[in-house]
Amino acid sequence: MGKRIAFFDTKPYDKRSFEENNEGFGFEFGFFETHLESSTASLCEGFDGVCAFVNDTVDAEVIETLSRHKIGVVALRCAGYNNVDFQAAYGKVHVVRVPAYSPHAVAEHSVALMLSLNRKTHKAYQRTREGNFSINGLMGFDMHGRTAGVVGTGKIGQCMVSILLGFGLEVLAYDPNPTDIFDDAAGFRYCSLDELYAESDIISLHCPLTPDTTRMIDRETISNMKPGVMIINTGRGKLIDTDALIAGLKSGKIGSAGLDVYEEESEYFFEDKSAELINDDTLARLLTFHNVLVTSHQGFFTAEAIKNIAQTTLGNLKTFFDGGFIENEICYRCDGICRKKKGENCF
Ligand code: NAI
C-alpha cells in the first residue's frame, strides 16, 4: 500500500494535477477541502504525511497534533513558508517546500497588474461591453523611460527585472543579498531602499515576509514616495500596512495599487464568496477604488507552475519516505538558505 497523504485546502485543480502526476509515486491521498489549523489537524490520523498550502497554519499547536499522530513530514506545495513555526517543528516534523516552480508566472502576473492599472484595460473592458466607447479618463503613461523599483531580486525579482528592462524602464533594485547577473545590464542598478522609494514611479515587491519586511510599506515609507506611485504586491499581504495604503490612495499620493496578496487574505482568497457579504471592511474599501486591482493570489497559477508544484511536492515526499537527502527541506536553522551539508537532513 502506498504512503497516505492528508491533503489540506484542496481545490479541484490541485486534486486533478496531483492525481495526474502521481503515476510512478503511488501515494494515496485523502483530500480535505478545509484549511489545516488546530481544529482540523487531527484529520491527519491514520496518514503518513501532510500536504499544505499558503493559507494553512502550521503553528506549534498544529505541529503538536501532527507529531502525536506520528506525521513525519509536512510538504508545502508552495514556495513561501511564513505560515510555519519552524522552531516548534524542529526535531518533530520535517518541512519541505517547492522553492521554485515558475518564477516567470509570478513576474508575468505582476506585469499584467501593472499594465492593466496603467492603461486601465479593466475599465475599458467594462465600458466597451456596455457600448461605451469613450476613452475619457483612460489615459496612461509610457512605461518606457520611467523608473521601476524592484524589492527583492531572487528568482521572481530577477524575472521581473528582465521584463522591465525589456520595456525600456530604468530599474532600481534593493536586496540585502544582491545578485551580479545584471552587472552589465544598461538601466539597472542597486540602491538603498530609501532611494528606491523616493525615485520609483512603480514599486514591485518580491521579497519574502520576515520580521524585517513586515509592513515595510507603511505611512512613513509611503510619505517618501513619488506622488502618483504605483505599488504592485505579489509577495505577501503583510509586506504592506493596508490602512496606510488606503490612506495613500485616498490622498492621491498613491496613484494605483495591484495586489495579488492581502494581509487578511486567508478568509477570502481562493474561495467563492460571491453569495455572501464581505465583512472585512478593509478589503471592502480596497475593492471600491477604481485604481486598485485585487487578484486572489493567482500569481503562481499557470499550467506550467501547477505541474511543477505537483511533481516537486511528490518528489519531496518520496525522498522523505525513502530516507534520502531532502534537498528542499527547510528548518529554523536554515532561515530559508539551507546550511546543511549535502547528504545530511536537518535533524
Ligand atoms: P527567493 O528566495 O528566490 O528571493 C527572495 C529574495 O528576497 C532574495 O534574493 C532575498 O535576498 C531577498 N530579500 C530577503 N530579505 C529582503 C529584504 N528585507 N528586502 C529586500 N529583499 C529581501 O524567492 P522568490 O521565489 O523570488 O519569491 C519571492 C516571494 O514571492 C516569496 O517569498 C513569496 O512570498 C512570494 N510568492 C508569491 C506567489 C504568488 O502566487 N503571488 C508565488 C510564489 C512566491
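**View 1. Strand 9 and strand 10 in a predicted model.** Strand 9 and strand 10, the latter covering residues 229-233, pair in the parallel sense over 4 bridges, where strands are DSSP runs of E with at least two residues, numbered from the N terminus, and where two strands pair if DSSP finds at least two bridges between them. Within this pairing, Leu205 has Asn233 of strand 10 as its bridge partner. The model is predicted, so that local features need pLDDT of at least 70 and side-chain atom pairs count only at pLDDT 80 or more, whereas totals for chains, interfaces and linings use all residues. Residues are numbered from 1 along each chain as its sequence is written, and side-chain values use heavy atoms, with hydrogens and water left out.

**View 2. Strand 6 and strand 9.** Strand 6, which covers residues 147-151, also pairs with strand 9 in the parallel sense, over 4 bridges, and Ala148 has Ile202 of strand 9 as its bridge partner.

**View 3. The two faces of strand 9.** Strand 9 (residues 202-205) is covered on both faces, with Ile202 and Ser204 buried on one side and Ile203 and Leu205 buried on the other; buried means under 20% relative accessible area, computed with a 1.4 Å probe on protein chains only, while exposed means over 50% and partly exposed lies in between.

**View 4. Cys191 and Cys207.** A search of the whole structure finds 0 disulfides, a disulfide being a pair of cysteine sulfur atoms within 2.5 Å. The sulfur of Cys191 has its closest cysteine sulfur in Cys207, at 14 Å, which is too far for a bond. Cys191 is buried, with a relative accessible area of 11%, and Cys207 is buried with a relative accessible area of 11%.
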